[in-house]
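Morning, everyone. I have one structure to go through today, and I will keep it short. Please have a look at it first.

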Amino acid sequence: MRAIIIASGDIGNERWLKEYIQPDDVVICADGGYNHLARIGCMPEIIIGDMDSIREEYRADCRHLIHPRKKDETDAQLALDYAIENGFHDVKFLGALGGKRIEHALANVLMLQYASVHGVKLTIETPVSSITIHQGPTIAMLQGHTGDYLSLVPIGGDVTGITTHHLEYPLHDGTLYFGVPMGISNVLLADTCSVELQEGILLAILTKADEVDED
């Protein structure tokens with residue numbers, strides 16, 4: 001069973017959201033994330049946050065975990081903490097990006113590491129892209145389609161000992177340097193590729209080519 005956190009950033013496509021959520025999913029809304037869910041007629045397991053972003057017409061008749069507006073955590077982190085405390089190890093994060101508050105988007109991406117430290121595989125999902133985090137030593141198997149784009153972005157320092165397979169621009173025991181965008185827009189040569197790294201933390205952003213190349 002997986003948990004889905006819905007935050008108040010851009011969803012992009014309400015039809016995609018409706019198709020993405022499966023009957024067995026446990027849906028956790030971070031405050032205004034419920035606005036997205038209400039528009040497609042779905043009810044979450046719980047709404048968590050200070051309740052300052054839910055539109056009045058969408059006030060939900062479901063369980064709330066209300067926190068004060070003045071607090072250390074973001075509503076999204078509170079939602080992730082709820083998933084961690086309830087034993088979920090596979091968590092999808094929707095509505096994490098976009099919106100008017102770029103600092104929330106950046107914080108949400110960095111929460112991938114927070115989740116990893118707590119033994120949770122957190123994936124940021126949009127209709128076009130997915131973002132995961134990988135800490136060496138590890139081998140990440142990434143699933144997409146031939147021709148999709150894969151960008152590898154080091155965070156917190158350089159990432160060393162990178163070896164890739166089934167990518168157009170391969171690395172063999174290579175290094176990606178923190179702050180240098182060398183790993184952007186590689187291309188999958190098969191539906192699955194692998195990225196091995198020995199040391200460091202790497203963001204992997206997988207983007208559907210048919211969604212971005214059609215223009």
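Predicted model: local features only at pLDDT ≥ 70, side-chain atom pairs only at ≥ 80, totals over all residues.

The protein has 5 helices and 13 strands. It has 215 residues, and 50% of them are buried. The accessible surface is about 11300 Å², with 51% of that belonging to carbon and sulfur atoms. As for contacts, if we take those with a separation of 6 or more, 59% are between residues 24 or more positions apart.

Now to strand β1, residues 3-6.

What does β1 pair with? One partner is β2, residues 26-30, in the parallel sense and over 4 bridges. In that pairing, Ile4 stands opposite Val27. Another partner is β5, residues 90-94, again parallel, over 4 bridges. There, Ala3 has Val91 as its bridge partner.

Val91 takes us to the core. The largest nonpolar core has 31 residues, and those touching the most other members are Ile28, Val91, Phe93, Leu112 and Leu203. Helix α3, residues 75-85, gives the most to this core, namely 6 residues. As general background, nonpolar side chains in soluble globular proteins tend to be buried together.

Looking at Val91 itself, and leaving aside neighbours within four places in sequence, its contacts are Ala3, Ile5, Ala83, Val120, Lys121, Leu122 and Thr123. Ala83 in that list is one of the buried residues of α3.

Is α3 mostly covered or mostly open? Mostly covered: 8 of its 11 residues are buried. The buried set includes Leu78, Leu80 and Tyr82, and also Asp75 and Asp81. Just after the helix, Gly87 has a positive phi of about 80 degrees.

Last item: Gly41. This residue is in the loop between α2, residues 33-39, and β3, residues 46-49. Why is Gly41 called exposed? Because its relative accessibility is 66%, and the cut-off for exposed is over 50%. Gly41 is also 23 residues from Lys18 in sequence, with a C-alpha to C-alpha distance of 9.0 Å.

That is what I have. Questions, please.

Methods: Residues numbered from 1 in each chain as written. Heavy atoms only, no water. Helix = DSSP H or I, 4+ residues; strand = E, 2+ residues; numbered from the N terminus. Buried < 20%, exposed > 50% of the residue type's maximum accessible area, 1.4 Å probe, protein only. Pairing = 2+ DSSP bridges. Core = buried A, V, L, I, M, F, W, Y, C linked by side-chain atoms within 4.5 Å. Contact = heavy atoms within 4.5 Å. Areas by Shrake-Rupley, 256 points an atom, 1.4 Å probe, with all protein chains shown as cover.
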